[in-house]
Amino acid sequence: MSFSARLHQKALPIWEASHNHPFVKGIGDGTLDIEKFKFFMKQDYVYLIDYSRLFALASMKANSLKNMALFAKMLDATLNIEMDLHRQYAERLGISAEELEATQAAPMTLAYSSYMLSVSERGSLIDLVTAILPCAWSYYEIGKKLAEIPGAMEHEFYGEWITMYQSEEFGEIADWLIKLLDELALGLPESELARLEEIFFNTSRFEYMFWEMSYNEESWPSHVR
Ligand SMILES: Cc1ncc(C[n+]2csc(CCO)c2C)c(N)n1
């Protein structure tokens, strides 16, 4: 079994919980409360700012010129394609780009991005790739699953979200990160693999918690905001 398949198997119950989460189901059948989606979009936007920094750091830590260029391409895709989706949704929801960018990170958003940044700054390239993989991989899986629902991609509001995440372009990013992880893991001792497994498990949990936070619109208590 490849290392990525081992990680996927270990985190499967969490990934399944994400697939079955009412937030994700609501995007799929179009019934998700727009207010919850608005909360999610704003938090996701500030999350993606830090995620972009991780691609920049990955380019810095990359082991070849080819990988440096690929991480730079992913940085570009996040800042200019994925985040454009957010800016477009924000416009439809009456939120300006400035307001979107000024969003204060909620506790879970801050915990998730700080965890990824800390693991990646302290560790080597494989630590970084392991930390960011559940993000790119699980969204592609979710996008593919939701796209199978008849009419979901044509939904007047959530259709574009599903269309983006199930796209070949995002599939390629996930596949490439999986392939790189498996290459970097070759020959590593079990103690290292177990340490990496914990990182993957943690960011898989954070992915689940991000749906949960968004569904409950969970931010700082109003008296400490
Ligand atoms: C909480 C959260 N998790 C995952 C993604 C999806 N995502 C983030 S970066 C990237 C790769 C290319 O931009 C993908 C697919 C998200 N938006 N928000």
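Where is the kink of about 35 degrees in α4 centred? It is centred on D84. The views below come from a predicted model, in which local features need pLDDT of at least 70, side-chain atom pairs count only at pLDDT 80 or more, and totals for chains, interfaces and linings use all residues. Residues are numbered from 1 along each chain as its sequence is written.

**View 1. Helix α4 and its kink at D84.** Helices here are DSSP runs of H or I with at least four residues, numbered from the N terminus. The bend at a residue is the angle between axes fitted to the seven residues ending there and the seven starting there. The 28 residues of α4 should span 40 Å at 1.5 Å a residue; the expected span is 1.5 Å times one less than the number of residues. The end C-alpha atoms of α4 are 40 Å apart, in agreement. Just after α4, G94 takes a positive phi of about 80 degrees.

**View 2. The buried residues of α4.** A residue is buried if 20 or more other C-beta atoms lie within 10 Å of its own, exposed if 12 or fewer, and partly exposed in between, with C-beta atoms placed from the backbone. In α4 the buried residues are L70, F71, M74, T78, E82, M83, H86, Y89 and A90. Their cover includes α3, α5 (97-101) and α9. Contact means C-beta atoms, placed from the backbone, within 7 Å.

**View 3. The shell around the ligand.** The ligand is surrounded by 15 residues, each with its C-beta atom, placed from the backbone, within 6 Å. T78, E82, C135, Y139 and F210 are the closest. At least two shell residues come from each of α3 (34-61), α4 (65-92), α7 (125-147), α9 (168-185) and α10 (190-216). By class, the shell holds 11 nonpolar, 1 polar and 3 charged residues. Nonpolar covers Ala, Val, Leu, Ile, Met, Phe, Trp, Tyr, Cys and Pro; charged covers Asp, Glu, Lys and Arg; the others, Gly among them, are polar.

**View 4. E207 in helix α10.** An unreviewed UniProt entry places the feature "active site" at E207; such annotations may be inferred rather than shown by experiment. E207 counts as buried because it has 23 C-beta neighbours inside 10 Å. Leaving out residues up to four places away in sequence, E207 touches S18, P134, C135 and S138.

**View 5. S167 in the loop between α8 (159-165) and α9.** S167 has 16 C-beta neighbours inside 10 Å, so it counts as partly exposed. S167 and S2 are 165 residues apart in sequence, and their C-alpha atoms are 25 Å apart in space.

Methods: Two residues are in contact if their C-beta atoms, placed from the backbone, lie within 7 Å.
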